Amino acid sequence: MLIGDHWAVELDGFSKRHAAGRGPGERVMAVEGLTLKLAPGQILGLLGPNGSGKTTTLKALAGLLVPTTGRCRIMGAEAGSTGARALVGYLPEAVRFAPHQTGEEFLQYCAGLSSLPPARAEARIKTVLAWTALGPAAGRRIATYSKGMAQRLGLAQAVLHEPRVVLLDEPTSGLDPEGRLALVRLIRDLAGQGCAVVLTSHLLAQAEEVCDRLALLGRGRLLVSGPTAELLGAQTRPVAGASRLEELYLEKIHADV
Ligand SMILES: Nc1ncnc2c1ncn2[C@@H]1O[C@H](COP(=O)(O)OP(=O)(O)OP(=O)(O)O)[C@@H](O)[C@H]1O
């Protein structure tokens, strides 16, 4: 399960309060006391209603937010440290591309941000363009890309520096079935290469199919987590028209009032 003595991802009592206004008392408790672990090569689906703390958790793991309390670690390194940043790749929910740039220029820019040496940058850009099937479109302006192509480019930037942990915020949202399938294949491929993947999604059927483990958040707190097969195997109450995961989701969210 572990590489060395470390989990790929470890959240230990992670809490985050966001400042919601100018006053010191105006705070939003986005995540409260979240403890989770993920081994290399596993895919974790972070689920929950809007505002339940999924993006806040990913941002903390990416080192973009400092925990209010608790710890977030990537392969044993404190999230946000130089060591952890080199090991983690992040695809935000909405990537902001400069539309005048070509796909290749965008990746060159990202390689610069990651301080990849020129020869390694060139080789990695070639590899990720081929991996995401964007090679033929590499010289085209991003403004001309379909949403599926833009999302694959976003994934290409997330893995450019060969991270061991990849964080994906709603990676297949808004994609057509073919685009979704292409992303799912790439995500599985990453796990097959030994990466730990944490993704958020509102698409329960897809999460059920793709994720080895699931964690359901409600109002910033962990409602249930575990291996997908185990969680769904315990779900026996039949609800007409609902999948086992939809059933579990609704049961836990409705109980969290
Ligand atoms: N920068 C911020 N400043 C203040 N409050 C924030 C900030 N970011 C998030 N929040 C609040 O924290 C809570 C959790 O938000 P978060 O974006 O993590 O939820 P989410 O589960 O990712 O939601 P969604 O499914 O809509 O993407 C919400 O109440 C949100 O309004």
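Select Arg 213 first: its bridge partner in β10 is Pro 227. This is a predicted model, in which local features need pLDDT of at least 70 and side-chain atom pairs count only at pLDDT 80 or more, while totals for chains, interfaces and linings use all residues. Residues are numbered from 1 along each chain as its sequence is written. Helices (H or I, at least four residues) and strands (E, at least two) are DSSP runs, numbered from the N terminus.

Now select residues 213-218, strand β9, together with β10. Six bridges join these antiparallel strands; two strands count as paired if DSSP finds at least two bridges between them. In general, strands of a sheet pair through backbone hydrogen bonds, either parallel or antiparallel.

Contact means that the C-beta atoms of two residues, placed from the backbone, lie within 7 Å.

Go to helix α3 (residues 103-113). Which of its residues are buried? They are Gly 103, Phe 106, Leu 107, Cys 110 and Ala 111. Viewed down the axis of α3, these fall within an arc of 140 degrees, so they line one face of the helix; the arc is that of the directions from the helix axis to the C-beta atoms. A residue is buried if 20 or more other C-beta atoms lie within 10 Å of its own, exposed if 12 or fewer, and partly exposed in between, with C-beta atoms placed from the backbone. The cover over the buried residues of α3 includes α4 (118-131) and α5 (147-159). Exposed Tyr 109 and Gly 112 sit on the face turned away from the buried side.

Select Cys 195, in the loop between α6 (177-192) and β8 (196-200). Cys 195 counts as buried because it has 21 C-beta neighbours inside 10 Å. Leaving out residues up to four places away in sequence, Cys 195 touches Arg 164, Val 165, Val 166 and Leu 190.

Move to the ligand. Residues surrounding it include His 18, Val 28, Asn 50, Lys 54 and Thr 55; a residue is near a molecule if its C-beta atom, placed from the backbone, lies within 6 Å of it. α1 gives the most to this shell, with three residues.

Finish with strand β4 (residues 69-74). Five bridges join it, antiparallel, to strand β1 (residues 9-19), and Glu 10 stands opposite Arg 73. β4 also forms a hairpin with β5, with two residues between them, and Met 75 in the turn has a positive phi of about 50 degrees. The bridge partner of Ile 74 in β5 is Ala 77.
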